[in-house]
Each structure stands twice: as C-alpha cells, then as structure tokens.
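Please open the structure in a viewer and keep the sequence at hand.

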Amino acid sequence: MNKAEIIEQLKQENTKELFKEADKIREVYVGNEIHIRGIIEFSNYCCRSCFYCGLRQQNKNISRYRMSRDEIIKLANEISQLGVRTIVLQSGDDIEFSQKEISRIINRIKRGKPEIAITLSIGERPLDDYKAFKDAGADRYLLKHESANSELYAKFHPGQTLKRRLAILENLKKLGYQIGAGNIVGLPGQSLEDLAEDILLLKSLDVDMAGIGPFISQKDTPLANFPCGDLDLNLRVLALVRINRKTIHLPVTTALATLDHEQGQILGLSAGCNVIMPDFTPECYRRNYIIYDNKKRVNLEKAKDIIFKAGRVISKGRGDSPR
Ligand code: SF4
C-alpha cells in the first residue's frame, strides 16, 4: 500500500473488511498460535525525560527501584518453568545498570537453556553494550521509534533525535538481533499522515516485531491533560501494519487492555496481532513502573483467558522471527 491508500484506510469508519483482511493475512503468514512473552520490569530509573512517560527523570513523585541480579534470574527461571519461552527484560534508560551486570544476567538466564529467548527493551545505550549483550546470549531488541515524524519526535524526546534512534535499530540488526520498533497512536499533534509514515517506516526498517499502543496520559508529565488515544484508530493501525508487513510479530499491548479492560486485547487479536506480553514484575516494584496511569495488569492467567476467548492457541515454541 502507498501512503495515500493507508491514509484512506485510516479514515474509514467501516473497519470490518480491514480487520478481516488483516486477520486472514495473519493466519496465512504466522498461523493461529499466540506467542506469550513474559515481562520483567527490572528498573524504573531513567536518564531521559520523554514528555508522555511517568518514568521520566524529572518525575520526583515515584520511588525508584532496581531489582538485584539474583531476583531477576530467579524470576526468569520461574517464568520459564511456567512454559513461557521468551523473557523480556525491560527498564527505563538506566545507564547506571552496567554492561557487565546486564551481560551476567543474560548469560545466567540463558545458560543451558536454548529453548529460552531473551528480548531486551532497555533503551539507548553505547553500541559496545549492544554487542556485549548479544555475545552474552540476548536474541531480540525492542526499541520503539515512537513517532516517524522527526519534529514530533524531537518535541516529545528532549535531547534525542529520530535519526539516532533509527541508526541504532540498523546497528542492532547488523549485530544479529531480531529487532522491534513501534509507535504511539494518539500523541498530541499527531496526524493520520504521521501514522501512515509510522506504518511505512516499520516496513522499510524490515522489523521482526512492533509494539504499537495508544497514548495514555500520566499525571506527573507535561502531557497530563491530553486525551487518550482512540482504541479503534489503534486497531486500524495494527491491521494496516499486518497487511503491509505480513510476517511481523505484533503484540496486543497492555495499553489496549487499559483502554478497554474486557475487549481491548481480544479485538487486537482479531485485527492482525499474534503476541501477548503478561507482566511478571513483583507487585512491590510494579506499582512504581508507571509509564502511564491506571495501567491494567495482564498476568499469565489473564493472557491465557484472552487467547482462549479469541479462539486461538498458545505457542509452545520461542516464537522467533519467521525469517
Ligand atoms: S519512554 Fe523510556 S526513555 Fe522515555 S522517559 Fe520513559 S522509560 Fe525513559
């Protein structure tokens, strides 16, 4: 699809056909299995100040934490014993968490367990770190591009540039990672044209996965008073990503469940998605991992219930990129 065709689809009010097509492509290219990825939010420290995020460095209203190496490894082992084959290690851009320490954690989780994949979602770090993490056994890296509009990107990410973000993604690819990007739907000032650019960017970057979720405000950020993104528009973006990047792994984000507790993620699974990411972060930490407000908890039980209600089956494999 070209940009004009994508914009036309984003404007459509009758989405039934679009979702049906995305669902069919999903079935043909990645099958009926849903991949479960278990998230550990191991640190909420962040050296950046993205306008929409409650973990921003300037937010003094949350208690900061770092889980210890032993806590992370023990939790990862418990998750894998539950049959979850991907561990997602996620944090703010916590540059104080050293390369050596993160490498040790990856190495210990992966040791003797080729059936387990590790996805890192720990932001922008020196290139040397990415190499060390790959050597230690990391398989995938998720670095959302957030917005393909470089002006919007610069406005909401002080001190950062889209150009640098994209260069990092290219470097991660060269290092052998399966890469993930993704954008926010409903950022203040965002147009349908911007969303079409997001979809085209995911295609040209040739990503293996994409995390796409609605903007949801957080009370301690500069965007506290802006309205949340629209669920239906988010579903249309997901469907168009599936149609334009057929083999992609596409999660139903927790933010979808936050907008609509009962139906959000089920609707996502019928609009082209094939991944769900339950949160395993211990409650004492999770309550301070506040990227946005009123975040709905999706645990393993809830994730399985959603898969069941969507009439799909749980994958028993790692869910690597089909490529
Ligand atoms: S979005 Fe990521 S990099 Fe930006 S403030 Fe939040 S945790 Fe930090």
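A nonpolar core is a set of buried Ala, Val, Leu, Ile, Met, Phe, Trp, Tyr and Cys residues joined through C-beta atoms within 7 Å. A residue is buried if 20 or more other C-beta atoms lie within 10 Å of its own, exposed if 12 or fewer, and partly exposed in between, with C-beta atoms placed from the backbone. The model is predicted: local features need pLDDT of at least 70 and side-chain atom pairs count only at pLDDT 80 or more, while totals for chains, interfaces and linings use all residues. Residues are numbered from 1 along each chain as its sequence is written.

**The core.** Select Ile40, Ile87, Ile118, Ala210, Leu238, Val241 and Ile276, which touch the most other members of the largest nonpolar core, a set of 91 residues. Helix 9 (residues 231-244) supplies the largest share of this core, with 7 residues. Helices (H or I, at least four residues) and strands (E, at least two) are DSSP runs, numbered from the N terminus.

Next, centre the view on Ile118. Beyond its neighbours within four places in sequence, Ile118 is in contact (C-beta atoms, placed from the backbone, within 7 Å) with Ile87, Leu89, Ile106, Ile109, Lys110, Gly137, Ala138 and Asp139.

**Helix 8.** Select residues 192-205, the 14 residues of helix 8. From first C-alpha to last, helix 8 reaches 20 Å, close to the 20 Å expected at 1.5 Å a residue, where the expected span is 1.5 Å times one less than the number of residues. Its buried residues are Leu195, Ala196, Glu197, Asp198, Ile199, Leu201 and Leu202. They pack against helix 1 (3-11), strand 5 (178-181), strand 6 (184-185), strand 7 (209-210) and helix 9. Asp206 follows helix 8 and has a positive phi, near 60 degrees.

**Two loops.** Most residues other than glycine have a negative phi. Glu146, in the loop between strand 4 (140-142) and helix 6 (150-156), has a positive phi near 65 degrees. Glu146 is buried, because 22 other C-beta atoms lie within 10 Å. Asn294, in the loop between helix 12 (283-286) and helix 13 (300-309), has a positive phi near 55 degrees. With 13 other C-beta atoms within 10 Å, Asn294 is partly exposed.

**The ligand.** Which residues are around the ligand? They are Cys46, Arg48, Cys50, Cys53, Leu55, Arg56, Gly92, Asp93, Gly123 and Ile291, each with its C-beta atom, placed from the backbone, within 6 Å of the ligand.

Note on methods
Two residues are in contact if their C-beta atoms, placed from the backbone, lie within 7 Å.
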